[in-house]
Amino acid sequence: MKIPFIKCHGSGNDFILVDEIENDFSFTEKEREELSLLLCDREEGIGSDGILFVMPSEKAEGRMRMFNSDGTEAEMCGNGLRCVARHMIEKLGKSEIAIETEKAVLPVSQVDEIFPDIDTFSVMIEPVSFDPVSLPMNVDSEKAVDVEIPPLTEKRTFTALSVPNPHIVSIVDTVDQDELSAVGRKANDLPEVFPNGVNVSYVQILERNKIFVRTYERGVGLTNACGTAMSASSLVSTILGPNDLDTPIVVVNKGGLVNCVVEKEEGRFSIQLRGNGTNVYQAVVNVDLKARIYTVSEQTFFEEENKTYEKLEAFAASEIGG
Ligand SMILES: N[C@@H](CCC[C@H](N)C(=O)O)C(=O)O
């Protein structure tokens with residue numbers, strides 16, 4: 001089968017975006033899993049953190065399903081949703097639309113640039129819950145806020161929340177990437193505590209309303225950035241740290257930076273995640289799933305916007321002394 005796609009990224013968290021509406025595709029569940037395993041592979045495939053399937057919706061302008069590189073589906077993907085928002089906003093010529101995701105129909109819009117010349121998209125991250133059942137996480141308490149999770153490490157405390165995919169977040173003095181990888185692997189090999197796995201983030205407070213976040217993603221491993229993790233980390237560092245509600249929190253990551261605004265209404269939290277949705281190139285992939293082979297053709301790069309993005313990347317690196 002011949003599949004046109006866009007290679008895109010949000011904060012360097014990269015995806016293969018497949019528009020099923022435009023191409024009248026309707027993949028089976030098995031095909032979605034196999035396409036993710038084959039095409040996301042960094043060694044043998046096109047290479048990406050996941051696939052974004054853009055599908056028709058009866059409730060919104062479009063629907064997003066996101067598959068991790070290991071073929072599992074996630075409930076939500078913040079960086080991916082910004083890429084889908086950009087794609088649909090440009091296609092429909094509107095600046096505000098809604099996208100259906102697994103747990104909610106979410107408003108997305110084009111907003112003021114967070115960095116010069118970077119087209120910026122805002123996506124709502126909700127529903128948010130601190131109920132361990134929502135992750136799910138097996139623990140004998142109503143919440144797990146700033147607590148030790150002994151099988152992972154005795155050095156750290158974590159806060160568990162779903163946004164609505166599962167996350168645990170630890171506020172640290174300095175992010176130790178090797179330690180994070182080890183803890184992330186352990187957490188995702190602990191079905192008695194996290195039956196569906198979990199995304200694990202370490203957060204460093206750089207200053208009030210500015211944080212650095214590094215994430216070990218369920219189904220992928222260490223990524224440049226994870227949008228839902230940056231949203232969860234902004235919320236946790238507002239509750240436990242110095243950040244403010246209703247104020248843009250600058251979240252620096254390995255692939256750039258985003259802004260998160262944490263809001264609370266009637267006791268319920270939500271987060272606006274604002275950042276880039278950059279297209280790297282578009283192409284067509286011809287896939288034979290049975291033989292597990294593919295070829296890529298008609299590749300066209302979006303050179304100008306990628307050059308512009310490099311400036312944001314360089315700025316973000318300078319913020320963390322890189
Ligand atoms: N990188 C994404 C989240 C992708 C899904 C995650 N790995 C999971 O399985 O929950 C984001 O930007 O939110």
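This is a predicted model: local features need pLDDT of at least 70, side-chain atom pairs count only at pLDDT 80 or more; totals for chains, interfaces and linings use all residues.

**Strands around β18**

- Strand β18 (residues 278-288) pairs with β1 (residues 2-10) in the antiparallel sense, over eight bridges.
- In that pairing, you'll find His-9 opposite Thr-278 of β18.
- β18 also pairs with β19 (residues 293-301), again antiparallel, with seven bridges.
- Here Asp-288 sits opposite Ile-293 in β19.
- The β18-β19 hairpin has four residues between the strands, and Arg-292 takes a positive phi near 55 degrees there.

**Largest pocket**

- The volume of the largest pocket comes out at about 200 Å³.
- Its lining is made up of Glu-126, Pro-127, Val-128, Glu-263, Glu-265, Glu-266, Arg-268, Phe-269 and Ser-270.
- Two elements, β16 (256-265) and β17 (268-275), each give two or more residues to this lining, and β17 has the largest share with three.
- Sorted by class, this lining has five charged residues, three nonpolar and one polar.

**Second largest pocket**

- The second largest pocket has a volume of about 160 Å³.
- Among the residues lining the second largest pocket are Pro-4, Phe-5 and Ile-6, along with Gln-282, Ala-283 and Val-284.
- Others in that lining include Leu-17, Asp-19, His-87 and Glu-298.
- Two or more lining residues each come from β1, β2 (13-19), α1 (20-23) and β18.
- By class, the lining of the second largest pocket splits into six nonpolar, three polar and three charged residues.

Note on methods: Residues are numbered from 1 along each chain as its sequence is written. Side-chain values use heavy atoms; hydrogens and water are left out. Two strands pair if DSSP finds at least two bridges between them. On a 1 Å grid over the protein atoms alone, a cavity is a set of points where a 1.4 Å probe fits but cannot get out, and a pocket is an open set with protein on both sides within 12 Å along at least five of seven lines; lining residues have an atom within 4 Å of a point. Grid points are joined across faces, edges and corners, and a volume is the space filled by probe spheres set on the points. Ala, Val, Leu, Ile, Met, Phe, Trp, Tyr, Cys and Pro count as nonpolar, Asp, Glu, Lys and Arg as charged, and the others, Gly among them, as polar.
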